[in-house]
Amino acid sequence: MEDAPAPRRPDRALIGIGIAIVVVIVAAVVAVLLRGEPEQFDETTPEGVVQRYSTAVIDGDTQAAMDLLAPEVVDACERVEPYEDDVRVALVSATDRGDTASVEVTIITSYSGGLFGPDEYRSDGRFSLVRSGDGWLIESAPWELAVCAPGAFG
């Protein structure tokens with residue numbers, strides 16, 4: 001009677017590769033979960049006002065957006081429907097000049113159905129703000145984020 005072949009031990013290199021794959025997968029999942037929400041700017045700063053206004057427009061909350069506009073803009077406002085595509089806003093810079101401020105943003109618009117997947121368009125925009133008490137109000141906004149017809153913005 002022949003002896004049965006000895007059971008083969010797993011190759012150490014394969015075990016190492018398997019462990020490395022598991023570690024990479026776990027690290028990717030942790031990175032996605034910890035990414036979280038974007039930084040929330042103080043609502044009394046120009047950046048914070050622009051962030052809240054942009055969020056309101058993107059979420060379709062026109063009244064919340066209007067509440068962040070300067071009174072003269074609201075008085076002259078002929079409401080328009082906000083831009084409908086998938087829009088994201090990224091802060092580029094903010095300049096506080098005492099009674100006025102400007103916030104530069106990049107507006108990223110995504111369109112579905114491109115030949116190779118979704119298309120993306122980036123444009124630069126500028127918000128102009130005026131001091132109001134301890135906070136800021138918007139005097140002008142990029143057209144992609146406007147809730148008023150262009151004539152309302154000075």
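Mentor: Let's say that two residues are in contact when they have heavy atoms within 4.5 Å of each other. This is a predicted model, so to speak of local features we need pLDDT of at least 70, and side-chain atom pairs count only at pLDDT 80 or more, while totals for chains, interfaces and linings use all residues. Residues are numbered from 1 along each chain as its sequence is written, and side-chain values use heavy atoms, with hydrogens and water left out.

Our spot is Thr106, which you'll find in strand 2, residues 100-114. Strands here are DSSP runs (E, at least two residues), helices are too (H or I, at least four), and both are numbered from the N terminus. Thr106 has a relative accessible area of 15%, so it is buried. The cut-offs are under 20% for buried and over 50% for exposed, with partly exposed in between (1.4 Å probe, protein chains only). What does Thr106 touch, leaving aside its neighbours within four places in sequence? Its contacts are Arg88, Val89, Ala90, Val92, Arg122, Ser123 and Asp124.

Pick Arg122 from that list of contacts and follow it. Its side chain meets that of Glu120 in a salt bridge, 3.5 Å from N to O. That term means a side-chain nitrogen of Lys or Arg within 4 Å of a carboxyl oxygen of Asp or Glu. Arg122 counts as exposed because its relative accessibility is 53%, whereas Glu120, at 46%, is partly exposed. Salt bridges with shared partners put Arg88, Glu120 and Arg122 in one network, and Arg88 is another contact of Thr106.

There are 5 salt bridges in the structure. Arg126 is partly exposed, at 49%. Another bridge runs between Asp96 and Arg131, 3.8 Å from N to O. Asp96 is in strand 1 and Arg131 in strand 3 (residues 117-132), so this pair ties together parts 35 residues apart in sequence.

The ring centres of Tyr53 and Phe127 are 5.8 Å apart and the planes are at 80°, so the pair is edge-to-face. (Rings of Phe, Tyr and Trp, the last by its six-membered ring, pair if their centres lie within 6.5 Å; planes under 30 degrees apart are stacked, over 60 edge-to-face, the rest tilted.) Tyr53 lies in helix 2 (residues 46-59) and Phe127 in strand 3, so parts 74 residues apart in sequence are tied together. Tyr53 is buried at 0%, and Phe127 is buried at 0% as well.

One last link: a disulfide, meaning two cysteine sulfur atoms within 2.5 Å, joins Cys77 to Cys148, with 2.0 Å from S to S. Cys77 is in the loop between helix 4 (71-75) and strand 1 (86-96), and Cys148 in the segment after strand 4 (135-140), 71 residues away. Both cysteines, Cys77 and Cys148, are buried.
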